[in-house]
Amino acid sequence: WPSVTIISMAAFAIVCLVAYGRSIFGEYGRLDDYVAVSQNTRGLLYALRDQWLQAGRVIPAVLGVWLFSFVNSVSDLVFPRIISVLMVSTGGAATTLLALRLIPRKWSWSAILLAASAGIVAVSTTASPNAATWAIQAIQLVALPTALSAGIVATSERPILGLHWTASSGALIIVSVFSYQQFVMLALMPTLLWSATRWVRRQVPHWGRAVIVAIMSTTALVLSYLLVSIIGGEAKGRAFGQPLRENLVWFVRIFLPRTIDIFVLNSMRTVAMSAVLLSILLAIPLIAGIRYLALSLAVVISWMACSLVAFPTELWASYRLLYPAQLALWAGASVAAAVSLVDCGSKHRLIPRVGTVIFVVVSLFSLAVAQHRAYAYFAKPNSIDWASIRCVVANAENASSNSVLVVNDWGASQSTVISYDEYGVIGSAVDWVLPYMVQLAQYELADSFGNMKVVSDDDAKSLTGEVLRFPQDICGTLDD
C-alpha cells in the first residue's frame, strides 16, 4: 500500500527526529567519526574505503566515502547522524507495516495504535540510541530497512516494480548483506511471522517462503564471507578467529543474555527482569488461543537466526552487533502480541482495548527512555569531551611536535554509564582516537603541532616536553 507506506515512513521520521533531535544536533563525534573527518581533511578517505571493503561492506565503501567527502568539520557530523536517525526510523516504519500486513484489512483505531506501538518499540531498544548518534554508522544502517523490507516483500502476492517477489526480496537481501552483514537475517522475522499467522488462521502449513528467504540470506552471508576472505585484511581474522568452545561459551553466557536485556547496566538481575517481561510479552498470543503461540515461536527462531550471525565474530557483544537480534526479539514479540490482541477482539472486546492502552503507554515510555539514553550517555559526554579538547588545544601556547597527549581514563567521561566501546565512552579515553581529535582541533584553529605521542597519565610523568591533559570541564568552565 504506497500511501500507507509513505505515511508510516514520514510519521516515524518525524517521531525519531523529535525524540533524538536533542542528541543529534550537537557538535561532537564518536570514536571512528573523528577518524573519518580527519581523513577527509587530509585527503585520506581511501583508508576508510579500504577498511569497509576489507569488512565486505561494499555499499558503505562507495556511498559512505562519498557522504564523508562533504564532512569537513566535527559540526558537519550532524548530517550523517540525521541519516542514521532516518535509518532507525525506517526500521520502525517497516515494523509497523509488518503488523498492519498481518492484521485483517478492516483496521480499527485499536489495530493501528497497536501496530504503531510495535514500531516505536523497534526504535527504542538499547541499541537504538547508539545507532542514532553514531555518524559513521549512517550508510551501514541501510542494512536495517532493506533486510526488513526483504522479508515483507516476501509476503506479497503482487509483483514489486514488475519483479517476482523472489527477485525483489533477493535484491534487498544483497543490499543488506553488503551494507552490514549482521542485519541480513532480519529478513526472516517478517516472513516467519507471516507464515505463522497464515497457519494459525487457516491451519494450513505455509513455510515455503520462509525457507526460501532463509536460503537466500544464508547464501548472501556466504558470498560476503568469500569476499572478505578474498580481499583479506584485519576483518578476515575476526571471523572464526577464536576456538569454537570459547565462541560457544561467550555466545551463550554473554551475547544472548545481552540481546534480551532492556537495561544498559547489564547484570544477571537485569537479564532476569528483562526475561520475565519478555515472557509476558511472548505469552500474550495465548489470549487468542494456544495455536497463536506459533507466532511467539516464529519470533524466537528469528531472534536465534539473527544472533547466530554474530557467533563467528570476535568476542565483543557491542550494541551494534546486538541491534538485529534485539529488533527480531522485542519488535517481533510486539508484532506477535499486536496481531493476537486484534484477532481475539471478536471474542473479547475489552481485552484488545485494555491491551492497546497498555501497549501505547509502555511504547511511549520506552521511547522517552531511549531519548534520555541518547542524550545522557552519548551526546552530552561526547559534546563535553570535544569542547574540552578544543579548549585545551587553543590554550596550549608551547605545544609542538614534542608534546605528549595524555589519554583519559574511561571513568573521566561525564556519563553515569559506560558499556563496551559505546555507551558513555569518549574519544579522549581511547588512545587511537585522541590524536585525530587533537588534529581536528588544530585544523579548525589553523594550527599544526605535528605528530604527538599518546601516553597514559602515569607514563607522562617520566617524559619531557609539553604535556597536554584533557579534563572534562571545558577548561574549568563546567561545574562538577
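Predicted model: local features only at pLDDT ≥ 70, side-chain atom pairs only at ≥ 80, totals over all residues.
Cysteine 306 is buried, as its relative accessible area is 3%. A disulfide is a covalent bond between the sulfur atoms of two cysteines. A search of the whole structure returns 0 disulfides. Cysteine 16 takes part in none, and the nearest cysteine sulfur to its own, that of cysteine 306, is 19 Å away. Cysteine 306 is also in no disulfide, the nearest cysteine sulfur being that of cysteine 16.

Cysteine 306 belongs to the buried residues of helix H15, among them Ala294, Leu295, Val299, Trp303 and Ala305. Helix H15 covers residues 293–308, and its 16 residues reach 23 Å from the first C-alpha to the last, close to the 22 Å expected at 1.5 Å a residue. Its buried residues pack against four named partners: helix H10 (188–202), helix H13 (244–260), helix H14 (268–283) and helix H16 (319–343). An α-helix has 3.6 residues a turn, so residues three or four places apart point the same way. The buried set of H15 includes Leu295, Ala298, Ser302 and Ala305.

Methionine 304 is found in helix H15 as well. Its relative accessible area is 28%, so methionine 304 counts as partly exposed. Leaving aside residues up to four places away in sequence, methionine 304 touches Phe251 and Leu256. Its C-alpha atom lies 20 Å from that of isoleucine 284, a residue 20 places away along the chain.

In soluble globular proteins, nonpolar side chains tend to be buried together. Here the largest nonpolar core has 108 residues, and Leu186, Leu193, Phe255 and Tyr323 have the most contacts inside it. Helix H16 gives the most to this core, with 17 residues. Leucine 186 shows what such contacts look like: beyond residues up to four places away in sequence, leucine 186 touches Leu144, Ala147, Leu148, Cys306, Pro324, Leu327 and Ala328. A second, separate core has 35 residues, including Phe68, Ala135, Val425 and Leu440.

The strands form an open sheet. Its 3 strands are arranged in the order S2-S1-S3, and the pairing is parallel. Strand S2 (453–455) and strand S3 (467–468) stand at the edges; each has a single partner strand, so one side of each is left without a neighbour in the sheet. Strands of a sheet pair through backbone hydrogen bonds, either parallel or antiparallel. Strand S1 (residues 404–406) runs parallel to S3 and is joined to it by 2 bridges. Valine 404 has valine 467 of S3 as its bridge partner. Helix H18 (residues 434–444) packs on the sheet and touches S1 and S2, its direction making about 115° with that of S1.

Between S1 and H18 runs a loop that holds serine 419. With a relative accessible area of 7%, serine 419 is buried. Its contacts, apart from neighbours within four places in sequence, are Arg258, Val264 and Tyr319. Another serine in a loop is serine 156, located between helix H8 (143–153) and helix H9 (165–177). Serine 156 counts as buried because its relative accessibility is 15%, under the 20% cut-off. Serine 156 touches Arg101, Trp165 and Arg209, when residues up to four places away in sequence are not counted.

Finally, leucine 31 lies in the loop between helix H1 (2–24) and helix H2 (32–41). Its phi is near 45°, a positive value in a residue other than glycine. At 4% relative accessibility, leucine 31 counts as buried. Aspartate 32 is found in helix H2 and, at 23% relative accessibility, counts as partly exposed. Aspartate 32 touches Gln51, Trp134, Ile136 and Trp432, residues up to four places away in sequence being left out. Aspartate 32 and serine 128 are 96 residues apart in sequence, and 18 Å separates their C-alpha atoms.

Key: Residues numbered from 1 in each chain as written. Heavy atoms only, no water. Buried < 20%, exposed > 50% of the residue type's maximum accessible area, 1.4 Å probe, protein only. Disulfide = S-S within 2.5 Å. Pairing = 2+ DSSP bridges. Contact = heavy atoms within 4.5 Å. Axes fitted to C-alpha atoms, helices over the stretch in contact; angles between N-to-C directions. Expected span 1.5 Å × (residues − 1). Core = buried A, V, L, I, M, F, W, Y, C linked by side-chain atoms within 4.5 Å.
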